[in-house]
Amino acid sequence: MSEKKHKGLLITLEGGEGGGKTTQIVRLRDRLSKAGKDVVVLREPGGTVISEQIRDVVLSAKNIGIAFTAEVLLFQAARAQIYREIVLPSLEAGKIVILDRSRDSSVVYQGMVRGFGKDMVEKLNDLSTKETYPDATFLLDLPVELGLQRRVESGKMDRLDMEGMDFHVKVRDAYLELAKADTHDRWHIIDASQSLEEVQEELWTKVKTVLGI
Ligand code: TYD
């Protein structure tokens, strides 16, 4: 892995559907702000005007005919824009950047599940992020049935949520494989079938360790 050092801290949350990443990030941001930290929270795909437009194209339930190669490149296009506009300048300014998904989503969904391969996707990731890796990545892991049930109950289903069970099982397995193969202590697996409060406490404890606070 090629790593570039930055002044700030990049934290990513990853995982399949219904793991509660977004809710956890809001709570984490509040706690970090209370602790006096300068925090920027963003989601991928999205986070800038241009990236949100790309998000609409790539996730719209109307676009079921999208070519998988177009999907790979659209996620990268959205990433290149958010890194140049916000992530890299914020890290340079010493801020904590929390991303709801980033490069590992592409490795898992497009590289390992769609089959484009990890190496190819990592090359594209390096181009989009200027070879930036997260300092810490939290995998919110839970059984696929539970994740999909939570997603259906929330009423927010996008094009990828509507993929079959088999797809989501492959996503979960791919994330676990990636996290377990980590040799840099970057990945932290959290059992997201616990209550929101329990997940938050585990996340907060781990983030404090990463930050040394
Ligand atoms: P979103 O509603 O933001 O995510 P979540 O499921 O985390 O609530 O949807 C993002 C979807 O896009 C999700 O199904 C994962 C997928 N995705 C990729 O396939 N590749 C990527 O590089 C990214 C960032 C997301």
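**Helix 5 and its surroundings**

A: Let's start with the packing. The axes of helix 3 and helix 5 approach within 8 Å of each other, with a crossing angle of roughly 30°. That angle is under 35 degrees, so helix 3 counts as roughly parallel to helix 5. On the helix 3 side, the contact is made by V72, L73, Q76, R79, A80, Y83, R84 and L88. Helix 5 brings V121, L124, N125, L127, S128 and T129 to that contact. Sorted by type, the residues of this contact come out as 8 nonpolar, 4 polar and 2 charged. Keep in mind that this is a predicted model, not an experimental one.

Now for helix 5 itself. It runs over residues 118–129, and at 1.5 Å a residue its 12 residues should span 16 Å; the C-alpha atoms at its ends are 16 Å apart, so the two agree.

Next, burial. The buried residues in helix 5 are V121, E122, L124, N125, D126, S128 and T129. V121, L124, N125, S128 and T129 also turn up in the contact with helix 3. An α-helix has 3.6 residues a turn, so residues three or four places apart point the same way. The cover over the buried residues of helix 5 includes helix 3, residues 68–92, along with helix 4.

What comes right after the helix? Helix 5 is followed by K130, and the phi of K130 is positive, near 55°. K130 is a residue other than glycine with that positive value. K130 sits in the loop between helix 5 and strand 4, which covers residues 136–141. With a relative accessibility of 46%, K130 counts as partly exposed.

D185 is placed in the loop between helix 7 and strand 5, the latter being residues 187–191. At 67% relative accessibility, D185 counts as exposed. One further backbone item is the cis peptide bond that joins E44 and P45, where omega is about -10°. P45 lies in the loop between strand 2 (39–43) and helix 2 (49–59).

Helix 4 (residues 103–113) and helix 7 (residues 165–180) have axes that come within 10 Å and cross at roughly 120°. That makes helix 4 oblique to helix 7. The crossing of helix 4 past helix 7 is right-handed. From helix 4, the residues involved are D104, S105, V107, V108, Y109, M112 and V113, and they meet F167, K170, V171, A174, Y175, E177 and L178 in helix 7. By type, the residues of this contact divide into 10 nonpolar, 1 polar and 3 charged.

How values were computed
Residues numbered from 1 in each chain as written. Predicted model: local features only at pLDDT ≥ 70, side-chain atom pairs only at ≥ 80, totals over all residues. Heavy atoms only, no water. Axes fitted to C-alpha atoms, helices over the stretch in contact; angles between N-to-C directions. Helix = DSSP H or I, 4+ residues; strand = E, 2+ residues; numbered from the N terminus. Parallel < 35°, antiparallel > 145°, perpendicular 65-115°, else oblique. Left-handed = near helix turned anticlockwise from the far one by under 90°. Contact = heavy atoms within 4.5 Å. Nonpolar A, V, L, I, M, F, W, Y, C, P; charged D, E, K, R; others polar. Expected span 1.5 Å × (residues − 1). Buried < 20%, exposed > 50% of the residue type's maximum accessible area, 1.4 Å probe, protein only.
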